[in-house]
Amino acid sequence: METQSQVVERLRETFRSGVTLPEQFRRTQLNNLIAMIEENEEQIIKALHKDLAKPKFEAVLSEVAILINELYYANANLNSWMKREYVTKNLATKLDDCFVRREPLGVVLVIGAWNYPLQLLLLPMVGAIAAGNCVIIKPSEISAATEQLIAELVPKYLSQDCYAVVRGGAVETKALLKNRFDHIFYTGSQAVARSILVAASVHLTPVTLELGGKCPCLLYGAVNMAAAARRLVWAKYFNSGQSCVAPDYVLCTPATRDALLPEIQKTLVDCFGTEPQASPDLGRIVSPRHWTHLMELLGRSKGKVVVGGEGNQEDKYIAPTVLVDVAEDDALMQEEIFGPILPIICVDTLEEGIAFINRQEKPLALYVFSEESSVVEKVLTNTSSGGFCSNDGILHMTLPSLPFGGVGSSGWGSYHGRWGFETFSHRRACMLRGWGLEMLNGLRYPPYTDRKLSWVRWSASPKSMCSLM
């Protein structure tokens, strides 16, 4: 069996051979990835259910369909993404070819997460393959069934000379990071991200970090409460709340809270029945350790539980839970919850809600529910977040033409669609010169004069660019 360093070096040799550069090779690998997912969909669904008790509907929507859509989108646009991008020229470069050329980085590492163990591993890989890189993927060992399936399938469908799966836990990942990569793409917690940055700094390796944070959902002004409750409940309790873009807490006025709560209670019954633990449409917490952490967090909260609150450790079940009277310094507000627990915090004005959001770290996503466009625009203009969506949750990240990524502590860089291709590409500035206009070029040669300087400054200025149009 190869060592990690041998795998990295083997892929580097493959990359140097140029085999990944042709467009047709990239298309072939993308099509093979499509075949891998489509031909093994039932196995994928079973693995995801074993790891997280994911309902088939959620597994297909968030793991299978989103990947297939990304792959077809990449295939449809690959030719245009790979084309030279010609740029505006000035008088001094009038006869030159000036363009940006996208080139693959080399051997890249993608480290996935356990909550969406297929999507968050393979979706970045789509961008890396499309950009012409060799790729090593490291699936999460916490979602063990999906990890095993990925390790079995990838070598069967993709070129083993160009793509490899490395398995293991924290020790193996730490060892893997000692190798030099041309880019590292990590999805997960901020704590682990810091250690990855330290490891990457040794080789000055660029890093993309897809992290998370506390994503707020602000309700203000006129709101369709029934629709808001349905969309909020779906976004929050999808995958049992284990989504980095799930609404982490709600901000609203006391009057809005009082109107929203009955609708949330009704929606939860409509979705999961009066005994949610028996519902086939509600997933489970990924591990006993994560279950214990969430229940301890709930136990430390000084908020009032008005919905749910029950849990079963053996089943890794936590009921969809809602709390009110939650203060800004509450235990639930000190970290990303990452589970089916929803605090509601009251503010009196829109300005107070915006100020509350801006006192926190910049979130991965920010949601605003309001029928008033002025409210939506005011929040959009006066806050910062990785993504923004009004009157719904999560859906913005399903569109491959939008970048997905954080800002500040919620992440560095972005991907999906063209943005993933760009993340794994070097934008090489190219100028192809001939021997023309040597009289003009002569102005830059010694002996220097003020007249020469004046002409050179003008020929390289924006004014000369305008004169060429």
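Visitor: Hi! How many positive and negative side chains does the protein have?
Guide: Hello! This is a predicted model, and the protein in it carries 46 positive and 50 negative side chains.

Visitor: And how far apart do the centres of the two sets lie?
Guide: The centres of the positive and negative sets are 10 Å apart.

Visitor: Okay, overall picture next. How many helices and strands are there?
Guide: There are 17 helices and 20 strands. The C-alpha atoms fill a box of roughly 85 × 60 × 40 Å along the principal axes.

Visitor: What share of the residues is buried?
Guide: Of the 469 residues in the protein, 54% are buried. As for the accessible surface, the total is about 21100 Å², and carbon and sulfur atoms account for 56% of that.

Visitor: What about contacts between residues 24 or more positions apart?
Guide: Those make up 71% of the contacts that have a separation of 6 or more.

Visitor: Let's zoom in. Where is Arg12?
Guide: Arg12 belongs to helix α1, which covers residues 4-17.

Visitor: Is that arginine buried or exposed?
Guide: Arg12 is buried, because its relative accessible area is 8% and the cut-off for buried is under 20%.

Visitor: Which residues does Arg12 touch?
Guide: Leaving aside residues up to four places away in sequence, Arg12 is in contact with Val107, Arg180, Phe181 and Asp182. For a sense of distance, Arg12 and Arg167 are 155 residues apart in sequence, with 19 Å between their C-alpha atoms.

Visitor: Now Leu48. Which helix is Leu48 in?
Guide: Leu48 sits in helix α3, residues 41-52.

Visitor: Why does Leu48 count as buried?
Guide: Leu48 counts as buried because its relative accessibility is 0%.

Visitor: What does Leu48 touch?
Guide: With residues up to four places away in sequence not counted, Leu48 touches Ala53, Lys54, Ala59, Glu63, Pro117 and Thr146. Gly353, by comparison, is 305 residues from Leu48 in sequence and 37 Å from it in space, C-alpha to C-alpha.

Visitor: Which residues line the largest cavity?
Guide: The lining includes Gly213, Cys215 and Lys236. Also part of the lining are Gly241, Ser243, Cys244, Ala246, Pro247 and Asp248, along with Glu336, Phe338 and Gly339.

Definitions and conventions
Residues are numbered from 1 along each chain as its sequence is written. This is a predicted model: local features need pLDDT of at least 70, side-chain atom pairs count only at pLDDT 80 or more; totals for chains, interfaces and linings use all residues. Side-chain values use heavy atoms; hydrogens and water are left out. Helices (H or I, at least four residues) and strands (E, at least two) are DSSP runs, numbered from the N terminus. Buried means under 20% relative accessible area, exposed over 50%, partly exposed in between (1.4 Å probe, protein chains only). Contact means heavy atoms within 4.5 Å. Accessible areas come from the Shrake-Rupley method with a 1.4 Å probe; for residues, only the protein chains shown count as cover. Lys and Arg count as positive and Asp and Glu as negative; His and the chain ends are not counted. The place of a charge is taken as NZ of Lys, CZ of Arg, CG of Asp or CD of Glu. On a 1 Å grid over the protein atoms alone, a cavity is a set of points where a 1.4 Å probe fits but cannot get out, and a pocket is an open set with protein on both sides within 12 Å along at least five of seven lines; lining residues have an atom within 4 Å of a point.
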